[in-house]
Amino acid sequence: MRKAVLAVVSVLICTSLGASSFVPVKSVVPDDVFLSPALLAREEKSGGFGFEISSYADIDALNFISDPGYTLSGAAAFLRDELLAEEDAYFSDNYDSIKEIFRFDPRFPNKHSDVAENAYYIRNYLNTRYEEMGAGNRVKAVSNALSSQLGIFPDDTSALVGGDLDFTLSVHGSGIDSGFGWKAGMDVIYDGASSLLDSFSYNDYRYGSNLYFLLGASLGYGTYITDNLAAGLSVSPSFIFRTTTVNTSLLSARISGNALEFLASNRFDFGVLLDINFSLMLDAGENAVIHLDFRSLPSMQMFWYFSASDVMDDFRFHEDETIYYSVPDVALGMIWEKGSVRIEAGLSRIAKQFLLMSAFTSYSFDLLSVPDLLFAWSITDNLTLDTGYDDRTVHLGCSVSSFRAELSTRIDRPGFGISLGCEF
């Protein structure tokens with residue numbers, strides 16, 4: 001599962017909507033032609049019905065399901081080393097919090113009034129007992145430390161352990177005619193956190209693994225405003241359901257083997273989403289076009305919610321005064337087609353990352369997520385092969401008549417993704 005405020009943009013939006021607070025979240029709007037609506041001006045008449053199912057899991061996510069002790073062994077060692085590096089006074093000042101991390105172990109040393117003596121016994125515990133307690137108990141300690149106020153783990157733990165797990169099911173109908181395009185359908189999305197130990201938060205919102213259900217549509221129009229310059233606008237309204245599971249609940253559910261813990265502390269959000277995109281397209285020769293896209297201007301989500309305790313008590317919906325938004329972005333792209341070959345190249349996520357850096361002090365600019373590239377070769381009228389790179393992910397795809405299959409993996413961490421779809 002970043003899981004996602006430009007100061008100027010936020011001020012403008014806050015002024016216009018008068019909301020109490022704004023929280024950046026990851027976009028759930030499909031990556032299709034409506035992100036570059038000016039391209040609708042050159043699209044041929046088309047339409048139909050289709051579905052797609054896709055999933056991705058990295059090695060840490062798969063290993064965590066079968067053996068959490070092995071997967072989190074590096075995190076357990078990090079926890080021990082971080083505590084051992086502290087000064088003597090730290091163990092006295094934070095004794096209760098440290099003991100809470102190891103609350104499952106009755107052999108955790110009692111507190112001593114002498115600062116040096118207290119630190120000695122805790123260090124001795126970490127150097128001896130910590131290894132004896134077994135991998136399962138060390139995972140419990142990692143889980144407890146993650147929810148502790150000590151801040152032992154950094155906000156971004158992707159360099160320490162992965163755990164990305166994603167799934168999407170999409171069913172839709174669409175049509176394009178004379179520059180006007182529409183698409184309507186349903187999406188079920190599970191967007192896992194990028195790391196099993198991620199603990200990002202912004203204001204009162206804690207990021208984690210998200211389950212979405214969307215029922216909505218996209219409407220767009222692209223037209224030439226001069227002989228070689230086109231403009232386009234798209235609007236995507238949706239009804240949206242969302243529930244977010246923080247990683248402490250995920251770890252607890254796996255450790256205890258009780259799947260209910262995965263959802264027990266969740267809030268269940270029902271609301272509306274609106275995403276607006278604007279773009280320009282320039283004909284750059286007989287076979288090429290250049291497009292400039294202004295994405296998520298804005299993209300807003302507003303919710304009403306209930307929690308598990310509301311179901312057991314006096315059930316009612318609560319209004320969420322927070323406005324959630326996808327971080328705006330600017331993308332520059334080029335499309336070149338000649339004969340059976342199609343090449344797409346682009347740059348994006350530059351403005352978006354600068355906005356994220358202003359919201360999260362721990363976020364650093366990722367150059368490898370900026371370029372996009374696609375190469376497609378139509379071998380016959382019914383067979384097309386393609387390969388590409390997008391946001392640290394490479395893929396190899398094949399389209400046979402109305403069916404499409406795709407394999408993918410990330411360049412920074414071993415993993416495996418598969419996508420199957422069909423258009424009628």
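Is Leu-368 buried, partly exposed or exposed? I looked this up before anything else. Leu-368 counts as partly exposed, with a relative accessibility of 40%. The cut-offs explain the label, because buried means under 20% and exposed means over 50%. I note here that the model is predicted.

**Entry: around Leu-368**

I placed Leu-368 in the loop between helix H11 and strand E16 (371-378). I then listed its contacts, leaving aside neighbours within four places in sequence, and found Tyr-389, Arg-392 and Ile-411. I also checked Leu-368 against Leu-72, which is 296 residues away along the chain. The C-alpha atoms of Leu-368 and Leu-72 are separated by 27 Å.

**Entry: the whole protein**

I counted 11 helices and 20 strands in the protein. The protein has 424 residues, and 44% of them are buried. I took the box along the principal axes, and the C-alpha atoms fill roughly 85 × 50 × 40 Å.

**Entry: helix H2**

Which residues of helix H2 are buried? For H2, residues 59-66, I wrote down Asp-60, Ala-61 and Phe-64. An α-helix has 3.6 residues a turn, so residues three or four places apart point the same way.

I looked next at what the buried residues of H2 pack against. The partners are strand E2 (46-58), helix H3 (68-71), strand E3 (165-177) and helix H9 (247-256). On the face of H2 turned away from its buried side, I found the exposed residues Ile-65 and Ser-66.

**Entry: helices H4 and H8**

How do the axes of H4 and H8 cross? H4 covers residues 73-84 and H8 covers residues 135-146. Their axes come within 9 Å and cross at roughly 65°. Angles of 65 to 115 degrees count as roughly perpendicular, and H4 and H8 are therefore roughly perpendicular to each other. The crossing of H4 past H8 is left-handed.

I listed the residues that make this contact. H4 supplies Ala-75, Ala-76 and Leu-79, while H8 supplies Arg-138, Ala-141, Val-142 and Ala-145. Sorted by class, the contact of H4 with H8 has six nonpolar residues, one charged residue and no polar residues.

**Entry: two positive phi angles**

For Ser-178, phi is near 55°. Ser-178 is found in the loop between E3 and strand E4 (180-191). Ser-178 has a relative accessible area of 64% and is therefore exposed, since exposed means over 50%.

Arg-349 has a phi of about 65°. I found Arg-349 in the loop between strand E15 (341-347) and helix H11 (350-359). Is Arg-349 buried or exposed? Arg-349 counts as buried, because its relative accessibility is 16% and the cut-off for buried is under 20%.

**Entry: a cis peptide bond**

Which residues does the cis peptide bond join? I noted Leu-297 and Pro-298, with omega at about -5°. Pro-298 is in the loop between strand E10 (288-295) and strand E11 (299-307).

Methods. Residues are numbered from 1 along each chain as its sequence is written. This is a predicted model: local features need pLDDT of at least 70, side-chain atom pairs count only at pLDDT 80 or more; totals for chains, interfaces and linings use all residues. Side-chain values use heavy atoms; hydrogens and water are left out. Axes are lines fitted to C-alpha atoms, for helices over the stretch in contact, and angles run from 0 to 180 degrees between N-to-C directions. Helices (H or I, at least four residues) and strands (E, at least two) are DSSP runs, numbered from the N terminus. Angles under 35 degrees count as roughly parallel, over 145 as roughly antiparallel, 65 to 115 as roughly perpendicular and the rest as oblique. A crossing is left-handed if the near helix is turned anticlockwise from the far one by less than a right angle, and right-handed if clockwise. Contact means heavy atoms within 4.5 Å. Ala, Val, Leu, Ile, Met, Phe, Trp, Tyr, Cys and Pro count as nonpolar, Asp, Glu, Lys and Arg as charged, and the others, Gly among them, as polar. Buried means under 20% relative accessible area, exposed over 50%, partly exposed in between (1.4 Å probe, protein chains only).
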